[in-house]
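Subject: Structure for your review

Dear colleague,

Please find below the structure that I am handing over to you.

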Amino acid sequence: MKTYPMTIDGKSVDTGRTLEIINPALGQPFAAVPVARPQDVDAAVAAARKAFPAWRATSAAERQAMLHALGAALEANMPELMDLITRETGKPLQGLNNVGAGMELGGSIAWTHVTADLPLEPEVIQDNEQARVEVHRKPLGVVASITPWNWPLMIAIWHIIPALRAGNTVVLKPSEYTPVATARFVELAQAVLPPGVLNVVIGGGDIGAALSQHPDINKIVFTGSTRTGKRIMENAAASLKRLTLELGGNDAGIVLPGADVQAIAPKLFGVAFHNNGQTCACLKRLYVHDSQYDAVCTELARLAKEVRVGDGLDPATELGPLQNRAQLDVVSTLAADAAANGGTILSGGKARAGQGYFFEPTIVAGLSNGARLVDEEQFGPILPVIRYSDVEQAIALANDNPNGLGGSVWSSDLALAAEVGKRLECGTVWINEHGAVQPDAPFGGVKQSGIGVEFGHHGLAEFTSIQTVKIMKN
Ligand code: NDP
């Protein structure tokens with residue numbers, strides 16, 4: 001079994017302890033990684049701190065050229081990285097609607113190039129005979145990036161590239177479930193970046209906690225659960241670290257009366273089930289008007305029964321396994337609770353016997369707010385479809401949740417759908433689409449789905465502090 005490296009200050013580090021990484025399609029290990037000790041965290045932070053002054057002093061053009069070279073390295077190593085992502089996450093190489101390891105690599109490449117090119121020029125607020133007032137964006141210092149297991153490489157890129165573009169250095173901690181492609185990328189990046197600019201430490205929550213408490217880290221960018229996000233915020237308070245937190249979602253979609261059921265059903269299915277529902281901005285609760293409720297349920301159940309579930313390395317597979325056993329248990333518990341409390345299971349409903357962490361794609365009718373499957377984030381291939389009778393009620397039900405990441409409205413009346421959408425309490429609303437993010441548009445949650453945004457110039461700004469420069473002229 002191959003061991004992938006942990007890189008600190010440009011060098012592979014052997015810690016004397018290794019962790020085997022499980023392929024969730026088989027429930028068997030396929031690779032190993034070193035596990036960081038507390039002294040490795042300190043060494044990584046010290047390396048990033050040492051590298052910061054020289055990295056900050058590089059010109060924007062120099063940094064941009066190196067970031068484009070990272071994009072080229074991702075592209076040159078696509079087949080290997082896709083294979084590692086499929087083995088460690090379980091997601092198919094291509095997948096339902098082409099949302100798979102190929103998209104994870106394609107997205108990583110696109111985000112790298114677009115973010116590299118984002119401008120970060122000073123803003124001139126005033127320039128007259130009295131004074132010139134400029135607003136400058138300065139790097140923060142050392143940024144710790146803590147990433148989850150669902151889109152490990154792409155989310156690492158979302159964190160790392162804007163941090164580096166703004167002139168910060170980085171210590172990255174991937175999830176211990178899925179560190180392999182990330183570790184390999186950081187190894188490849190050493191051919192492009194000066195030593196210490198990008199470091200990776202591999203380990204569990206204790207390593208994440210050590211980073212969020214570390215006095216020499218200036219900012220944490222975190223994607224993961226709301227529970228862990230709150231812990232990080234507590235830990236970060238001691239040294240007032242800056243935070244970007246992209247946390248859980250329980251995104252609602254509303255199908256307005258009169259929508260074309262045949263046209264939207266495959267799209268609804270895709271946005272709820274791609275990556276097996278393990279995406280923060282998947283559609284997780286679907287509200288459908290009385291008049292079309294049965295038709296939508298029937299179509300979604302048909303699609304759930306037809307979709308091809310299997311090992312992601314098989315090119316025919318559309319949905320893989322859950323990424324880990326704990327998540328399979330979450331989904332199984334929510335399905336059992338739904339069945340026991342008035343839900344009607346229209347397809348699936350249980351884990352698949354045999355090897356791997358597979359769960360049958362499941363559509364549940366007959367529930368409403370108050371049921372666990374509706375109120376809690378399932379993060380798996382199970383969708384509750386909820387009946388409503390008037391649009392005001394649907395908006396109230398959609399907003400009746402502590403999360404506020406994304407939301408969607410489905411209708412052929414685009415103006416009406418946009419009006420309804422703007423009333424949803426969420427950071428992004430899509431009309432006749434869901435979860436489609438892009439590298440130049442800000443993305444982030446309101447309420448308990450997070451703090452701050454990623455992507456575009458709004459996201460880049462979060463990796464900087466503002467310095468106002470006022471030059472008196474007389
Ligand atoms: P976590 O929030 O626990 O994990 C995310 C990252 O945080 C991982 O790298 C994890 O390490 C690390 N971590 C764990 N504990 C701490 C800590 N105390 N301080 C700092 N970092 C820590 O997510 P889970 O794996 O528990 O996933 C559970 C739920 O999280 C899902 O059901 C889903 O609701 C949500 N989630 C949301 C994601 C999103 O994209 N918004 C992505 C993944 C999960 P390690 O994994 O090594 O323990």
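A residue is called buried here if its relative accessible area is under 20%. Please bear in mind that this is a predicted model.

I begin with strand 13, which spans residues 251–255 and is mostly covered, with five of its five residues buried. In a regular strand the side chains alternate between the two faces of the sheet. In strand 13 both faces are covered: Asp251, Gly253 and Val255 are buried on one side, and Ala252 and Ile254 are buried on the other.

Which strands pair with strand 13? One is strand 14 (residues 283–289), which is joined to strand 13 in the parallel sense over five bridges. Within this pairing, Val255 lies opposite Val288 of strand 14.

Helix 9 itself has 13 residues and reaches 18 Å from its first C-alpha to its last, close to the 18 Å expected at 1.5 Å a residue. Its buried residues include Val261, Ile264, Ala265, Leu268 and Phe269. An α-helix has 3.6 residues a turn, so residues three or four places apart point the same way. Among the elements that cover the buried residues of helix 9 are strand 13, strand 14, helix 10 (290–306) and strand 19. After helix 9 comes Asn275, whose phi is positive, near 50 degrees.

Helix 10 has 17 residues and reaches 25 Å between its first and last C-alpha, close to the 24 Å expected at 1.5 Å a residue. Among its buried residues are Tyr293, Val296, Cys297, Leu300 and Ala304. The cover over the buried residues of helix 10 includes strand 13, helix 9, strand 14 and strand 15 (344–347).

Six strands form an open sheet with mixed pairing, in the order 10-9-8-11-12-22. Its edge strands are strand 10 (198–200) and strand 22 (450–451), each of which pairs on one side only. Within this sheet, strand 8 (residues 142–146) and strand 11 (residues 219–223) pair in the parallel sense over four bridges, and Val143 stands opposite Lys219 of strand 11.

Two helices lie across strands of this sheet. Helix 1 (residues 38–57) lies across strand 8, strand 9 (169–173) and strand 10, and runs at about 150 degrees to strand 9. Helix 7 (residues 205–213) lies across strand 8, strand 9 and strand 11, and it too runs at about 150 degrees to strand 9.

Is Thr244 buried or exposed? Thr244 counts as buried because its relative accessibility is 2%, and the cut-off is under 20%. Its side chain makes a polar contact of 2.6 Å with the side chain of Glu462. Leaving aside neighbours within four places in sequence, the residues in contact with Thr244 include Lys219, Ile220, Val221, Phe222, Ile451 and Glu462.

Yours sincerely,

A colleague

Key. Residues are numbered from 1 along each chain as its sequence is written. This is a predicted model: local features need pLDDT of at least 70, side-chain atom pairs count only at pLDDT 80 or more; totals for chains, interfaces and linings use all residues. Side-chain values use heavy atoms; hydrogens and water are left out. Buried means under 20% relative accessible area, exposed over 50%, partly exposed in between (1.4 Å probe, protein chains only). Two strands pair if DSSP finds at least two bridges between them. Contact means heavy atoms within 4.5 Å. Axes are lines fitted to C-alpha atoms, for helices over the stretch in contact, and angles run from 0 to 180 degrees between N-to-C directions. A polar contact is a pair of N or O atoms within 3.5 Å; within protein, one must be able to donate a hydrogen and the other to accept it, and residues adjacent in sequence count only if both atoms are side-chain atoms. The expected span of a helix is 1.5 Å times one less than its number of residues.
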